[in-house]
Amino acid sequence: IGSLGFGVVRSLDGENTDPLLGNLLTPVTHAVAPSREMPAPASATRRVTRSAAATASSTGVGSINLALGSGSERTGSGGSNDAMSMEEDLPPHKKKPHLQQNVLSGSLGARQSQNWQIGGSSSWSVSCQSPRVQHEQTSSAPMLPSAADTSELCALFRQLAKAYRHLCMYRSHEAITAFTDLPKCQHNTGWVLAQLATAHFNMAQHRQAEQAFRRCRQLEPHRVRGMEIYSTVLWFLKREHELCYLAQEMVALDRQAPQTWCVLGNCFSLQREFETAIKFFHRAIQVDPTFTYAYTLAGHEHVSNEDFEKATASFRDALRYDQRHYNAWYGLGTIYLKQEKYQLAEYHFRRALEINPRNSVLHCYRGMALLSNHTFDEAIAVLQKAKEMDPANPLARLRKAMALSHVERNAEALQELVALQHLAPRESTVYVQMGKVQKKLGRLHEALSSFNQALDLDPKSANMIKAHIDRLQMSDLNEDDSML
């Protein structure tokens, strides 16, 4: 039997059917160590042995000479390989442990592939790699960005950083230019449009800010950051319906955001429900005690209620969290201006301008404080600067005309008022001041016409306007500009 190599004939259930072999399986199995070669698949072995059994039964031969591969490829004796093949064909629960371990170790990690040859005529190619290893080998190496791509990306980040730095330093013109120079695909993003709108807001350009915020919300309707500024822009433009819709959207998006409560507060403030607005601003502070803008908005509402003590406390709380919050310095300046503390008002407006020097409204209020403090020449210079920053700012032109009238530069004052008349044709204050200047110039008929036009536009101020009409002949009487 040893010379025949492997002559065991097995039935379909794996039991020995050759009575001549008897007890030879056990000594042969332990005689030699298992072969180093990978055993053939069990299915292939069963097919071969069953074919051999059929041949043996038909010819009457009790043993079959079956060789696995060529003799030169075998490393053990014929008996040991016969035993391995027989053990390979056994059911899993009858296999011997050392053979099972050898089969597993050889099939899982020893070789990438094995070629099985039976009788030199058939072959199988078996892959022993795991799916992860195959994927790593077949997948190509990660593509690194080229030098041109890296340079383009760095240039984009450099431009964004430059624009954002200008914005943080309140250099709004430079920030707008830098954001506008971005590629179109980057410019039309929610974040860039929100920063662009904030830059316009810092310069009191509310219409441009509203347009940028509207485009931002079209791209990112779920955006929360910056919406408190958007609500303030809508408050300045008196867009009640848009502000109410924004408040509803914010409540649906995030009730735990301080921006939501600031939007609600501005919404009720526009409807002149100041107490409710203050409650919402305080709710924003409860949600986020470090949210500076909520303190500022609450302070402005207290100023509207003429509760200057609480307003001062709110503005100082805002400055405690952010010393560069120019809105709080501006708020304190308005309080002192109303209290006729003109030097303190001018100081706080000047501090606000040190932070945000590109805001024409801040220049205008500082000029008002200087004008009230009878510092006319400096007031004219400051108001001229405010007018140059924003030629469409009617308040700057009006205050400059008043300052020019105080220093008896009435012709220049009248020119400013005529230009202002085209900007604000429905403003009665413009016609009252124009009548005063025309009276100083001796144009009494024109002055009377201006006073009558002011009376038509503002009947509530009829008593004051009629008093000016009655004094038309009193040229030696100084005019009072306190109403402005």
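**Entry: arginine 443**
I looked up arginine 443, which is partly exposed with a relative accessible area of 38% (buried is under 20%, exposed is over 50%, and partly exposed is in between, using a 1.4 Å probe and protein chains only). I am working on a predicted model, where local features need pLDDT of at least 70 and side-chain atom pairs count only at pLDDT 80 or more, while totals for chains, interfaces and linings use all residues. Numbering runs from 1 along each chain as its sequence is written, and side-chain values use heavy atoms, with hydrogens and water left out.

Arginine 443 has a salt bridge partner in glutamate 446, with 3.7 Å between the closest N and O atoms (a salt bridge is a side-chain nitrogen of Lys or Arg within 4 Å of a carboxyl oxygen of Asp or Glu). Glutamate 446 is partly exposed too, at 39%. I also noted a network in which salt bridges with shared partners join Glu346, Arg350, Arg366 and Glu378.

How many salt bridges does a search of the whole structure find? I got 15. Side chains of opposite charge can pair when their charged atoms come close.

I picked out glutamate 416 and lysine 400, whose side chains meet in a salt bridge at 3.3 Å, N to O. The glutamate sits in helix H22 (residues 410–423) and the lysine in helix H21 (residues 394–406), so this pair ties together parts 16 residues apart in sequence (helices are DSSP runs of H or I with at least four residues, numbered from the N terminus). Are these two buried or exposed? Glutamate 416 is buried at 9%, and lysine 400 is buried at 9%.

Then I checked glutamate 412 with arginine 409, a salt bridge of 2.8 Å, N to O. Here glutamate 412 is partly exposed at 37%, and arginine 409 is partly exposed at 35%.

**Entry: serine 269**
I found serine 269 in helix H13 (residues 258–270). Its relative accessibility is 4%, so serine 269 counts as buried. Its side chain makes a polar contact of 3.2 Å with the side chain of tryptophan 235 (N or O atoms within 3.5 Å, one able to donate a hydrogen and the other to accept it within protein, with residues adjacent in sequence counting only if both atoms are side-chain atoms). Beyond neighbours within four places in sequence, serine 269 is in contact with Trp235, Phe274, Ala277 and Glu301 (heavy atoms within 4.5 Å).

**Entry: the second largest pocket**
I read off a volume of about 810 Å³; a volume is the space filled by probe spheres set on grid points joined across faces, edges and corners. Of its 23 lining residues, Tyr164, Gln195, Thr198, Glu228 and Ile229 are the closest to the centre (on a 1 Å grid over the protein atoms alone, a pocket is an open set of points where a 1.4 Å probe fits, with protein on both sides within 12 Å along at least five of seven lines; lining residues have an atom within 4 Å of a point). Which helix gives the most to this lining? H9 does, with six residues. The lining splits into eleven nonpolar, eight polar and four charged residues (Ala, Val, Leu, Ile, Met, Phe, Trp, Tyr, Cys and Pro are nonpolar; Asp, Glu, Lys and Arg are charged; the others, Gly among them, are polar).

**Entry: positive phi**
I noted that alanine 204, not a glycine, has a positive phi of about 65 degrees. This alanine is in the loop between H9 and helix H10 (206–219) and counts as buried at 16%.

Terms used. Helix = DSSP H or I, 4+ residues; strand = E, 2+ residues; numbered from the N terminus.
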